[in-house]
Amino acid sequence: QQQQRLQRLLIAPVSIWRTYFVANEWNEIQTIRKTSLPAQLLGVLFILYGLGARDLASSEPNQVDGYAAEDHYLLRFATIAFLYVVLGLAQWVYHSFVHVRFVEDPLGQFVDLCATSNISVFILSGSVYGYYIHGRSVHGYADTDMWEMREHLRKEENDLTGRRGLLPHSDAQTFEIFVPPLLRQQWNNVLLNVLHEVGAAASGIGSGGGGGG
């Protein structure tokens with residue numbers, strides 16, 4: 001039975017849906033931020049008006065008998081800027097050291113998805129700078145059924161397989177990379193060719209549909 005399953009996997013074509021799924025997940029995590037602007041602004045307003053911190057911007061912060069002095073614009077700017085920076089820093093600390101460790105780690109989950117899907121990701125965030133996610137499966141393939149996928153995960157859990165890392169006996173799967181300018185130029189040429197082909201195909205479909213109408 002195991003031999004028949006392996007033979008079927010070797011004969012079957014590689015599914016493109018794994019690539020689509022990984023690309024879709026990558027698009028979704030692009031919106032993840034370590035700070036929330038609405039929460040930050042609401043926090044500033046709550047501290048200023050709910051807790052009375054707006055009085056710190058007054059020319060006389062220790063007001064008595066209902067006397068309200070005018071706010072000084074420099075003090076008002078300094079108070080708001082200080083609260084804004086402090087709340088942003090607090091959100092960043094919480095997300096980096098609490099949320100990611102104990103609640104959810106979206107980037108770590110994405111790296112696990114790449115390794116499970118047997119797909120590596122090459123990302124260029126700058127002209128010659130970027131990231132590489134080593135997503136090669138330790139089992140050599142990922143186009144399989146649910147039963148065998150469960151067996152693969154069980155073997156990894158029991159440490160019966162190799163490491164997921166790029167180097168032997170290593171778990172490092174994410175890397176910062178610097179590519180030669182020539183490689184970036186070749187990449188741009190390939191991307192332009194693909195975009196031209198997609199544009200030509202789209203215009204051909206549009207003209208064909210227009211003629212049919």
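The protein contains seven helices and three strands, where helices (H or I, at least four residues) and strands (E, at least two) are DSSP runs numbered from the N terminus. Along the sequence, these elements follow the pattern α-α-α-α-α-β-β-α-β-α. The model is predicted, and local features therefore need pLDDT of at least 70, side-chain atom pairs count only at pLDDT 80 or more, and totals for chains, interfaces and linings use all residues. Residues are numbered from 1 along each chain as its sequence is written, and side-chain values use heavy atoms, with hydrogens and water left out.

The protein has 213 residues, of which 22% count as buried; buried means under 20% relative accessible area, exposed means over 50%, and partly exposed lies in between (1.4 Å probe, protein chains only). The accessible surface comes to about 15,500 Å², and 63% of this surface belongs to carbon and sulfur atoms. Among contacts (heavy atoms within 4.5 Å) between residues at least 6 apart in sequence, 60% join residues at least 24 apart.

A nonpolar core is defined as a set of buried Ala, Val, Leu, Ile, Met, Phe, Trp, Tyr and Cys residues joined through side-chain atoms within 4.5 Å. The largest such core has 10 residues, namely Val22, Ile29, Phe110, Val111, Leu113, Cys114, Ile119, Val121, Ile123 and Ile133. Helix α5 gives the most, with four residues.

Arg18 lies in helix α2, which spans residues 17-28. With a relative accessible area of 15%, Arg18 is buried. Apart from its neighbours within four places in sequence, Arg18 is in contact with Ser117, Asn118, Ile119, Ala142 and Asp143. Phe21 is also placed in helix α2, but Phe21 counts as partly exposed, at 42% relative accessibility. The C-alpha atoms of Phe21 and Leu113 are separated by 9.4 Å, although these residues are 92 residues apart along the chain.

A cavity is a set of points where a 1.4 Å probe fits but cannot get out, whereas a pocket is an open set with protein on both sides within 12 Å along at least five of seven lines; lining residues have an atom within 4 Å of a point. Grid points are joined across faces, edges and corners, and a volume is the space filled by probe spheres set on the points.

The largest pocket holds about 870 Å³ of space. It is lined by 31 residues, and the closest to its centre are Trp26, Ile29, Leu107, Ile123 and Ile133. At least two residues of this lining come from each of α2, α4 (73-103), α5, β1, β2 (129-133) and β3 (174-178). Helix α5 gives the most to the lining, with five residues. By class, the lining of the largest pocket has 20 nonpolar, seven polar and four charged residues; Ala, Val, Leu, Ile, Met, Phe, Trp, Tyr, Cys and Pro count as nonpolar, Asp, Glu, Lys and Arg as charged, and the others, Gly among them, as polar.

One cavity of 30 Å³ or more was counted. The largest cavity has a volume of about 60 Å³. Its lining residues include Ala115, Thr116, His139, Tyr141, Ala142, His152 and Arg164. Helices α5 and α6 (146-157) each supply at least two residues of this lining, and the largest share, four residues, comes from α6. The lining of the largest cavity has six nonpolar, four polar and two charged residues.

Asp159 is not a glycine, yet Asp159 has a positive phi of about 60°. Asp159 lies in the loop between α6 and β3 and is partly exposed, with a relative accessible area of 48%. His169 is likewise a residue other than glycine with a positive phi, near 60°. His169 is placed in the loop between α6 and β3, and His169 is exposed, with a relative accessible area of 79%.

Technical notes
Accessible areas come from the Shrake-Rupley method with a 1.4 Å probe; for residues, only the protein chains shown count as cover.
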